[in-house]
Amino acid sequence: MQMYPFKEIEERWQKRWEKQKLYLTPDPPKKKYYMLVMFAYTSGDIHIGHFRNYIIGDVIARYKTMNGFDVLHPFGWDAFGLPAEEAAIKHGVNPEEWALKNIEVSRKTIQKSGVSFDWEREVITCLPDYYKWTQWMFLRLYENNLAYRGKSFVNWCPHCNTVLANEQVVGRRCWRCEHEVTKKELSQWFFKITAYIQRLLSDLFKLKDWPEPIKIMQRNWIGKSEGTEIDFTIEGTGEKISVFTTRSDTIYGVTFMAISPENPLLQKLNIEPKYKKDVDDYIRKSAFRNEAERVSAAEKDGVFTGRFAINPLSGEKIQLWVADYVVGTYGTGIVMGVPGHDQRDFEFCKKYKIPIKVVIQPKGLTFSPNKMKKAYVEPGVMVNSDRFNGLWSEKGIEKITEYVELKKLGRKKINYKLRDWLISRQRFWGAPIPMIHCEKCGMVPVPEKDLPVLLPKSNIDFFPKGRSPLADVDEFIKTTCPKCKGKAKRDPDTMDTFVCSSWYLFRYTDPKNKNQPFAKKKVSRWLPVDKYIGGAEHATGHLLYFRFFTKFLHDIGYLSVDEPAIELFNHGMVLDSKGEVMSKSKGNAVSPIDLMNQKGVDVSRIAVYFAAPSEKEILWTGEGITGASRFLNKIYNLAQKVKPKDLNYNIKFNDLTDTEKTTYRKLHQTIKKVNEDIETLQFNTAIASMMEFLNLFSSISSDSRIYTYCLKNLIQLLAPFAPHLAEELWEKLGFKQSVFKSKWPAYDKDAVIEELVTIVVQVNGKLRTSFEVPLNTDKEKIERIALENEKIKKFTKDKRVLKTIFIPNKLINLVVG
């Protein structure tokens, strides 16, 4: 078999595509389709995992183009962030220089892969023409009271010397450097995402074509709880402290209360000296544990403060403890301990010998607190609960809530786990926060006419010091107050890179606009995104933030939609041969550029598509390369037999021979199958169906009247997967325009219906049954069907098939003994 000259073919067609501007977006579109893949970090050249992501989207973009859609298929670079700044420290270069160099390398790799991106719409988030509008977004949020500065305990990475959002802490470690994260109190900038919390939750129902696991993760991350807030008082002072609970029916069973270590209440308790040292030590120790570790710890711990609160319903004294399993940012940062009816509280009380009370028990049973082996957490009858005795506990929740509201001892309350989005970063390489601090005027936003606030180009010490490097750059930090014209200072912090990625999909619709982030008319032509492809790891980060931005921009009149994407698809990761996640830092990333140079772009693409369904992980060993190469070479060699006189596609089914009819029928079944598989991104089975057809097609003569017809349709089916070879063979057939200007083949609905024949089944020469199968079903399949038939099993039970006599399309005789 002749090996096709992939280098020559791929270079030729990439030059032609560029010259023809084949992938330039038709704008305005007549029939729009917005195909978006998540843009890339600039941490070096792309690896095989990125390659998979981009070529998955490319199949959809090309397929939709051939189906008559005007496709927007853009690409860009998430170029701010820690990787570039760390490289600047390590190599002594400016992070902009490092990022842009990586972009240049990665861009060439992606372009070589043949992905049909419209490069004229490329965005780079670290360039002023982009981050000017990131700063504009900040100002719009600020003027709508959705950006504010406040003090809080934050996740702090001592290695990166920067703040991390909750989503960037993975297993108590920094998502970037994997060092342990601690807590630190700082003044920070926040976006008030909680103002949109209910809409972010309730509008998940609109996202019918998003993976259910993503919606579940977002629902859990938002964490809505409906319950009751009850007011206790501190013994001796009468100061009120409020506690949120979803189980107000257990209020009479409270024997202690747990306060989060960061709760300001602890500083007001006037803790006696004999308790204070232990409390202070515990608070310091807790600062070195992140929320995830505190909440998930198998054994909870705490320290008694020596103080008590008064239960507003029972009047009983309640021990006050400090315990770090309580999260300071959820509810009031205080929880009531009900050991009789909460297993966590039960274990805590057993550990510290705190009393246990039973206030709910099953009908007809009586629990003794001293004999309980575990908490009773199911519904039951209320006992030891004063006027509420005898109520079913679920009714008790309702009645106690009504009672505390009537007596002004509490209120109905809805709580959420989601906190406001912390966007401050104490690093250089990010979009500067466009705010000015004036001693006279306070905080003043940078006027829009003065945007962008540019990063300085020189005299930067990037080494982390626990504050932004910008704080030490006079040329940046010193400025004039826009209000009083007096001396002032710029805000030294930069924005979280997730801010940049929360609106990039809108900029793609109008990337060269110098006067606004995007024109409303242009963005309305393309939004929402029709299909968005990226990793599931962004479920509670980017995929939540860009929904927030979309809703905000909709509310202030810049967008006509309030959800960014109709369909979300999560591709599977590419793991190395040992099953480990590929990354540059681990040194196990496989470069697609080497693969493409050695084996060809289209072979590399086919191998990746064929390795697994698009949503599944791939264990990359490179073993699929040989099969992919054999497949494409076979098509190439069959196409060499085509003669110009064969360009007649007027096929009449009834005029075909039986072999041609079988081939014609199989072709249209393949067209139907590939259609269905592309729509569901099952590219491995789409390629398998083409391979299956190719095996049948290769057996017919090139003189057959359907040879070129079949080849033409096969090339069109192949085009989204192996675009270079498809273009080459399409031209060989005599077509002048690109195969991507051709209309996607439609299948013959009559032909896809199998022609059936009746197979007579004999056992030892005697007729036993018959069944229908598709014409030309092979012997092995018919024998398997026969042996599984219940009527046949009666005659073959405990016997062995000695011989099989098979007459195609007519009879099978099983000789048994």
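This is a predicted model: local features need pLDDT of at least 70, side-chain atom pairs count only at pLDDT 80 or more; totals for chains, interfaces and linings use all residues.
Local features need pLDDT of at least 70, side-chain atom pairs count only at pLDDT 80 or more, and totals for chains, interfaces and linings use all residues. Residues are numbered from 1 along each chain as its sequence is written, and side-chain values use heavy atoms, with hydrogens and water left out.

Start with the rings. The whole structure holds 55 aromatic pairs. Rings of Phe, Tyr and Trp (its six-membered ring) pair if their centres lie within 6.5 Å; planes under 30 degrees apart are stacked, over 60 edge-to-face, the rest tilted. Phe191 and Trp421 are edge-to-face, because their centres are 5.5 Å apart and their planes stand at 85°. This pair links distant parts of the chain, 230 residues apart: Phe191 is in strand S10 (residues 182-191) and Trp421 in strand S20 (residues 421-422). Strands (E, at least two residues) and helices (H or I, at least four) are DSSP runs, numbered from the N terminus. Both Phe191 and Trp421 are buried. Buried means under 20% relative accessible area, exposed over 50%, partly exposed in between (1.4 Å probe, protein chains only). Phe191 and Trp421 belong to one aromatic cluster, whose members include Trp189, Tyr196 and Phe498.

Next, a charge. Lys317 lies over the face of Phe308, 4.5 Å from the ring centre. The criterion is NZ of Lys or CZ of Arg within 6 Å of the ring centre and within 35 degrees of the ring normal.

Now the backbone. The Asp27 to Pro28 peptide bond is cis, with omega near 10°. Pro28 is in the loop between helix H1 (6-20) and strand S1 (32-37). Lys408 is not glycine, yet its phi is positive, near 55°. Lys408 is exposed, at 71% relative accessible area.
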